[in-house]
Amino acid sequence: MNSMTDIIQCVLSEGESTGFAAVEAFGESIEKHEYEESPGEPVFTHFSETQRVTARAFWDTGDPLGFTLSKPHTASIKSAFLNIYSTNLPDTQPNFRHLLPSSVDQKSPSICDNDIGNVDTGTFDELMDQVAEAIIASPFQEMKLNKVTFSKSLKKIYIANSNRLDSKYIKTLYDLVITLSLKQNRVDIAESRVFFNQLHPHKMLSRAYNLLYSLGEAGSMKIQRNHLPIIFSPEASSFILREFSNYFRVRADKEFMQIQYPSILNIIDNPFMDNQPGSVPFDDEGIQGGEKYLVRKGTFSQVITDISTAFEGNTQSSGNGFRSRRSPFPIPKFSNLYIKPTVLPVKNLMTEAKEGVLVSVLRLKAIDAHGYLFSAYGYRFNAEEMMEPVHFYFRTSLRSFLLNIIKISREIRFFYNTFNAGSPYILVEAGSKPDHMYEI
Amino acid sequence: MKEKNSVELVEQNRGVYFSIDSKDRKKYHYYKRSGILQRRLDPENTSRSIELNHPSEAKALLDTNVKAAALALREKENPFHSAKALRDNDRIFNALTQLKPMEWKVVFRSNQTDRILIKPGVKPQKNRFDYSGILIKLRLKDQRSFIEVGEGSVQSSRFNQDGLISRITKIVENHRSCVPHTFHDKVPVILGAGDGAIIFHEILGHSLEADYIYLRQSPITPQHIGTSIVSNHVTLSARDPMDTFFKNVECDDEGEKSENPVLVENGILRRLISDCFHKKRLNITDCGHCRVEDFAHKPLPRMYALYVKPGEYDPEELIESTSYGVYADEFGEGKVFFEKNLFYFFIRDAWLIKNGKISDPLGSIIVRGNIFEVLNSVAMVANDFRYDKGVSYCIKNGQTVNVRVGQPTVKINNLYVTNEFND
């Protein structure tokens with residue numbers, strides 16, 4: 001039994017012959033090559049081959065049981081089923097096995113780079129050359145390259161269940177992380193892309209220059225006005241969206257969901273976007289999700305769910321059931337979560353604001369009784385002209401941040417870290433506080 | 001891969017995760033994974049990790065010729081029956097029913113990890129780590145985050161139900177009767193013996209890790225060795241022969257042993273926490289601290305344990321010497337920002353100290369401060385050393401490993417204290 005397809009079928013048949021009423025088998029096979037180089041050090045390479053199988057087994061009633069095995073044979077699959085069968089007793093609560101899908105459409109977003117086999121050590125050397133050239137051309141001669149890490153992954157996903165679902169897909173992912181420092185400051189600039197030719201080291205270095213310059217040269221901004229227009233860059237606003245993303249999962253409270261936010265605000269989760277690293281044709285339970293408005297025209301419309309949480313809430317799964325590498329039980333996770341862009345160029349936001357601050361980097365400093373405290377680095381602007389770098393602190397909560405959004409731009413960028421979060425530029429009005437801090 | 005300068009790790013990892021919550025939802029997850037991590041060290045710098053069905057399959061892949069018997073690992077598994085776990089711990093569930101939190105979840109973990117370290121010319125070394133743990137999570141009314149109370153052991157899967165019930169009850173009563181209090185300036189905070197050392201693990205232990213030092217993320221440099229970096233009340237050790245927690249882990253994950261466990265002696269830095277790779281790069285003498293979560297991960301220099309050695313004071317003296325401050329008894333998660341020299345931590349069972357006596361309950365609070373200002377503000381170290389309750393773990397670069405900490409009661413001046421945010 002060599003192929004994952006055979007292993008998956010073996011899981012279904014062994015589970016049913018052990019006595020379970022329904023079985024779901026999930027297989028994940030990942031080949032990953034990593035390259036890492038620091039100046040003056042030899043290139044470090046790592047290759048990993050993972051072949052993991054997860055089963056979720058249902059009694060007639062009661063919660064499902066699960067197991068995870070590495071590269072299993074028939075004997076180990078049989079033994080795992082016997083183990084979970086003999087160490088547990090079913091209870092009488094109804095379960096959700098009837099909600100496991102029986103089929104899935106074969107349509108898929110574009111998420112596989114067929115040229116992945118041609119990307120190798122030579123490609124990494126070329127990437128390193130591009131990075132070195134860009135640094136030489138940099139206006140900041142003191143900037144140092146600390147490390148470049150590059151990886152390519154080929155992931156094959158298999159899903160089958162006792163309801164005759166049997167499907168699979170292939171996905172590629174390239175990660176490039178460039179670590180640079182200028183004086184005491186250090187930044188990791190990361191890009192994750194589905195296709196190799198979508199990686200742009202030159203653009204990453206431009207971002208690094210801006211960030212390091214604002215980190216290094218920013219003076220503390222004095223509070224001079226009661227109201228400060230702040231434009232958050234896509235990177236900064238995606239950071240906020242990610243920090244607050246739990247509110248769009250199962251546990252959003254009712255009061256919070258009833259508030260009317262600015263009508264220009266739309267927050268979407270969409271697993272079907274071409275070329276995005278968060279995209280999948282279906283989730284880890286075989287449910288095809290599609291585009292979902294979590295906030296539509298300023299009103300909360302839904303949260304993301306998997307089959308289990310949807311069953312509890314008496315709704316349908318939104319197709320967001322994904323497994324962590326440690327568990328056979330999916331939990332609701334985002335695919336591509338983003339704030340929907342408008343038609344306005346960022347220049348329009350600056351015109352509207354007249355004078356304010358463009359925030360390029362955010363760091364969460366603390367969460368305390370007064371909210372989330374962020375440390376913000378960016379540039380002052382006036383009459384559409386960028387001026388000196390500045391640094392300031394502000395406090396906010398998701399509720400307050402969303403309520404203070406004035407305008408949203410059209411230029412969207414995504415940042416991948418566990419899930420893909422994206423945002424355009426966002427203009428927000430902040431107020432000053434007596435403790436030398438801004439509040440949104 | 002045929003190379004003399006190599007290290008190979010063969011692993012078998014199996015166990016059970018079982019949870020039940022206040023809505024009677026149960027999750028039972030059995031896992032069994034095997035694999036090999038092969039590393040060619042300098043000058044090659046390559047590695048590969050391969051998943052296997054059984055550790056014996058590693059023989060065909062090994063660089064080094066070893067006998068099949070050397071790859072033999074325990075076949076017998078620790079059985080874990082969910083119904084028995086519920087029956088054995090029924091008093092905890094009764095207590096939860098009586099305390100009526102908004103929601104609760106109890107998690108049981110049972111894990112057996114076996115590792116073989118193979119290096120050319122050296123007899124294969126076997127490490128074994130068995131662990132059983134219980135974690136009780138509670139969310140009270142008007143609270144956003146969960147309070148966690150747990151206990152873990154490498155020797156027994158039986159838990160101290162009375163101890164756990166008393167801790168849960170104390171925390172719930174603290175939160176229900178807590179008096180909101182605003183601290184306008186930095187105050188002394190007394191960290192209870194045992195788990196309080198997780199703060200030293202985070203703010204000082206990680207600063208001593210060689211990869212952070214090599215990448216200049218840590219404020220520490222190798223030049224600090226031999227100099228005073230913290231208050232002279234502080235002596236830190238990375239191993240303790242009396243502690244049985246890592247008793248069957250005789251070497252690190254590249255087959256090395258740390259020669260001397262003392263990291264900081266009376267405030268003076270003696271050594272760093274390093275693996276072989278960073279030992280060479282930083283030109284230091286110590287290694288023996290290489291760890292991986294499992295065979296599929298890249299090795300990192302990290303702590304197994306961190307103990308604050310006992311001082312000379314009675315714990316009561318620390319409280320009596322504090323006219324206005326905080327006593328911290330249960331600890332939650334925290335975060336360290338090396339680049340800004342800052343950190344914050346949740347305290348889940350905090351009490352106000354007034355005129356040298358513990359007075360009002362404060363519920364959950366957050367303490368924060370400047371790393372080195374705080375480390376130099378360790379004012380008193382008591383003589384009541386205790387190990388943690390066995391549930392400490394550490395996440396670094398996405399890898400989670402069990403760690404051990406221990407300390408006596410410690411008084412730190414100059415910490416900012418705020419209440420928890422509940423939006």
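Which loop of chain B holds Asn266(B)? The first legend answers this. All views come from a predicted model.

**View 1. Asn266(B) sits in a loop of chain B.** The loop runs between β9 (262-265) and β10 (268-269) of chain B. Asn266(B) is not a glycine, yet its phi is positive, near 45°. Most residues other than glycine have a negative phi. The relative accessibility of Asn266(B) is 48%, so this residue counts as partly exposed.

**View 2. Lys297(A) has a positive phi.** The value is about 45°, and the residue is not a glycine. Look for Lys297(A) in the loop between β10 (292-296) and β11 (299-300) of chain A. Is Lys297(A) buried or exposed? Its relative accessible area is 58%, which means that Lys297(A) is exposed, because the cut-off for exposed is over 50%.

View 3. About 4,900 Å² is buried between the two chains. Carbon and sulfur atoms give 45% of that area.

**View 4. Lys298(B) and Glu36(A) form a salt bridge.** Their side chains meet at 2.9 Å, N to O. How many salt bridges are there between chain B and chain A? The count is 6. Polar contacts between the chains involve 30 residue pairs, with both residues at pLDDT 80 or more.

View 5

**View 6. A strand of chain A pairs with β2(B).** The partner from chain A is β3 (residues 65-70). The two strands pair in the parallel sense, over 5 bridges. Within this view, find Leu69(A): opposite it stands Lys32(B), a residue of β2(B).

Notes. Residues are numbered from 1 along each chain as its sequence is written. Chains are lettered from A and ligands numbered from 1 in the order in which they are written. This is a predicted model: local features need pLDDT of at least 70, side-chain atom pairs count only at pLDDT 80 or more; totals for chains, interfaces and linings use all residues. Side-chain values use heavy atoms; hydrogens and water are left out. Buried area is the accessible area (1.4 Å probe) that two parts lose on being put together, summed over both. A salt bridge is a side-chain nitrogen of Lys or Arg within 4 Å of a carboxyl oxygen of Asp or Glu. A polar contact is a pair of N or O atoms within 3.5 Å; within protein, one must be able to donate a hydrogen and the other to accept it, and residues adjacent in sequence count only if both atoms are side-chain atoms. Two strands pair if DSSP finds at least two bridges between them. Helices (H or I, at least four residues) and strands (E, at least two) are DSSP runs, numbered from the N terminus. Buried means under 20% relative accessible area, exposed over 50%, partly exposed in between (1.4 Å probe, protein chains only).
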